[in-house]
Amino acid sequence: MLKMYGLKLTSPRLKVLEVFFSADRAVTYGELLEFNAKIIDRVTVYRTLKVFEEIGLIHRINGTSDGPAYALSTRTGSAQTGFKQHLHFCCTKCHGVFCLNDHAMPTIILPELYQVHSMNLILTGLCRTCNFSADDPD
């Protein structure tokens, strides 16, 4: 996968990617440090995130309570066509941030002469796990 983006395959990059592939939600910089504390220093994690974000392998989700979260990006086709815009959900109980890839961004009509480059829409509430446990009487 990294070769597809023209990146050299290094152990730190692989370790960071492992976290993204094993996570069921977006991860924060702090969580990446926790998972890789004894293997990768904080500067290398930061630089790896920056490179992955610049090439579009991951995307940043701003506006969450624990600072930015990062998730793998989903391509819309070829490298020229870019990545799929989608909704994000932040759970107010567990603070998990989830990509809702199957839900497209709503159409927004802007005034003349405005040009959108990207959108970041975050919905808040209870995720399916926390919502399910809230209904559990035990």
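Colleague: Which residues lie nearest the centre of the largest pocket?

Modeller: A word on the ground rules: this is a predicted model, in which local features need pLDDT of at least 70 and side-chain atom pairs count only at pLDDT 80 or more, while totals for chains, interfaces and linings use all residues. Residues are numbered from 1 along each chain as its sequence is written, and side-chain values use heavy atoms, with hydrogens and water left out. A pocket is an open set of points on a 1 Å grid over the protein atoms alone, where a 1.4 Å probe fits and protein lies on both sides within 12 Å along at least five of seven lines; lining residues have an atom within 4 Å of a point. The largest pocket has a lining of 16 residues, and those nearest its centre are H59, R60, Q85, S118 and M119.

Colleague: What space lies in the largest pocket?

Modeller: Empty space is found by rolling a probe the size of a water molecule over the atoms. Grid points are joined across faces, edges and corners, and a volume is the space filled by probe spheres set on the points. For the largest pocket, that space is about 350 Å³.

Colleague: Which strand gives the largest share of the lining of the largest pocket?

Modeller: By class, this lining has 3 nonpolar, 10 polar and 3 charged residues (Ala, Val, Leu, Ile, Met, Phe, Trp, Tyr, Cys and Pro count as nonpolar, Asp, Glu, Lys and Arg as charged, and the others, Gly among them, as polar). Strands (E, at least two residues) and helices (H or I, at least four) are DSSP runs numbered from the N terminus. With 3 residues, the largest share of the lining comes from residues 58-61, strand β2.

Colleague: Which residue in β3 is the bridge partner of H59?

Modeller: Strands pair if DSSP finds at least two bridges between them. β2 and β3 run antiparallel and are joined by 4 bridges. In β3, H59 has as its bridge partner A71.

Colleague: Is H86 buried or exposed?

Modeller: H86 sits in the loop between β3 (69-72) and β4 (87-91). Buried means under 20% relative accessible area and exposed over 50%, with partly exposed in between (1.4 Å probe, protein chains only). H86 has 3% relative accessibility, so it counts as buried.

Colleague: Which side chain makes a polar contact of 3.1 Å with the side chain of H86?

Modeller: Contact means heavy atoms within 4.5 Å, and beyond its neighbours within four places in sequence, H86 is in contact with H59, C99, L100, N101, H103 and M105. A polar contact is a pair of N or O atoms within 3.5 Å; within protein, one must be able to donate a hydrogen and the other to accept it, and residues adjacent in sequence count only if both atoms are side-chain atoms. The side chains of H86 and N101 are joined by one of 3.5 Å. At 3.1 Å, the partner of the H86 side chain is that of H88.

Colleague: Which residue of β6 is the bridge partner of H88?

Modeller: In β4, 5 of 5 residues are buried, with H88 and C90 pointing one way and L87, F89 and C91 the other. β4 pairs antiparallel with β5 over 4 bridges, and runs parallel to β6 (residues 122-125), again with 4 bridges. In β6, H88 is partnered by I122.
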